[in-house]
Amino acid sequence: MRQVQLRKGKDESLRRFHPWVFSGAIAHIDEGVSEGEVVRVVTHTGEFIAVGHYQEGSIAVRVLTFSDVPIDGEFWTSRLQSALQMRQAIGIADNPNNNTYRLVHGEGDHLPGLIIDVYGQTAVMQAHSIGMHLCRKEIAQALAAVMESRISHIYYKSETTLPFMTADDMNATPHFDTDEVLKNGFLYGGSDDNVAMENGLKFRVDWLKGQKTGFFVDQRENRSLLEHFAKGKRVLNMFCYTGGFSFYAMRGGAELVHSVDSSAKAIELTKQNVALNFPGDPRHEAFCEDAFKFLERIGQPTSANGQPSSAVAPSYDLIILDPPAFAKHRGALHNALKGYTRLNQKAFEKIERGGILFTFSCSQVVTKDHFRNAVFTAAALAKRKVRILHQLHQPADHPINIYHPEGEYLKGLVLYVE
């Protein structure tokens, strides 16, 4: 196994078990090391400190283990067994009412660069590093063995995540075969059955062309919380994607539910998911429209065939704002915070008195304080009295490695608006 040697004094973060080695910390790399290769990391004196995947860019090594052991089938099996055991301990795996969960969450499960989501009998595996991509077949073999009868299919979906570039690597040139990288498909089994269950509700998963692995598993518990607020409410689900919050609101007894997304494909999936659970229910309507334009016309006269109408667009007393990441790297942080402020201000202006707002950020570079300040600013600009009811975060099957605080990416607030 070839080696990466650190500069003097650059081993401190690794001794605190942080799982990344930055390129600026490296003094020497053995000749011939290629992207995705497993390397040993040693201090400036040659002392072993970690084993990980090498990749060109600002994050040069993603640490797999702090023990000097081979990365083989036994290693993958052990890591996956540990991940499954944790999900069993918290009651998420092997739950007859819920066959949807995240089995592997990157650094949170000591497997940086790897995501595995389970949807019924299908596991969807996604690589965010070249090293994990190159190991995909061995990982799939270990996954099938560990999961046994829990899954029958493993789908590999990485064409949108490879080559993986961090914020500082945006202009880097990949040193691997991109033709081979950008191929999705089944590594094990194969099935067209894409219906899964979450807390007793059914939904279709688009793992072929959908975002992430096909569904936003990380909002499961926040959707469940919303259900308890929905009774008798007029609900607006902005950036609805496949409608998760919408059908939870319907089960919770909402008076009406409107789902909005700028993607026609997302709207079609939302309609399918609502129909799976509430066929023919007139309470739901979906709109393919820009979020800001839709919010702007709430409470305004509607139009038909281009002509003004005396009818007024409906108002809402429960609004969900779950936009895509506004900032994917630190350079976009300032504009992202302005975007969160603008979006939340418009929602505060439009929501009914006594309304409830669920608002989220999934941008990793936006901290809880950043997001909270943006929402506070929005409330002040809208001149509304606002109280915090809940502070939300990612669920337990998206664990945060205590030595890697960067893994805390999802943050949200439930607000009561007077």
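**Helices and cores in a predicted model**

Modeller: In this predicted model, the buried residues of helix H6 are Arg220, Asn222, Arg223, Leu225, Leu226, Glu227 and Phe229.

Colleague: What makes H6 a mostly covered helix?

Modeller: Helix H6 runs over residues 220-229, and seven of its ten residues are buried; a residue is called buried because its relative accessible area is under 20%.

Colleague: Why are helices H10 and H11 called oblique to each other?

Modeller: H10 (residues 333-350) and H11 (residues 368-382) pack at an angle of about 40°, with their axes 8 Å apart. Angles under 35 degrees count as roughly parallel and those of 65 to 115 as roughly perpendicular, and the two helices are therefore oblique.

Colleague: Which kinds of residue make up the contact of H10 with H11?

Modeller: The contact includes Leu333, Leu337 and Tyr340 of H10, and His370, Phe371 and Ala374 of H11. Its residues divide into eleven nonpolar, five polar and one charged.

Colleague: Which residues of the largest nonpolar core touch the most other members?

Modeller: That core has 35 residues, and Trp76, Leu103, Ile116 and Leu143 are the ones that touch the most other members. Helix H4 (136-147) is one of the elements that each supply at least two residues, and H4 gives the most, with seven residues.

Colleague: What does Ile116 touch, leaving aside residues up to four places away in sequence?

Modeller: Among the residues that Ile116 touches are Leu80, Tyr101, Leu103, Val124 and Leu143, and touching here means that heavy atoms lie within 4.5 Å.

Technical notes. Residues numbered from 1 in each chain as written. Predicted model: local features only at pLDDT ≥ 70, side-chain atom pairs only at ≥ 80, totals over all residues. Heavy atoms only, no water. Axes fitted to C-alpha atoms, helices over the stretch in contact; angles between N-to-C directions. Helix = DSSP H or I, 4+ residues; strand = E, 2+ residues; numbered from the N terminus. Parallel < 35°, antiparallel > 145°, perpendicular 65-115°, else oblique. Nonpolar A, V, L, I, M, F, W, Y, C, P; charged D, E, K, R; others polar. Buried < 20%, exposed > 50% of the residue type's maximum accessible area, 1.4 Å probe, protein only. Core = buried A, V, L, I, M, F, W, Y, C linked by side-chain atoms within 4.5 Å.
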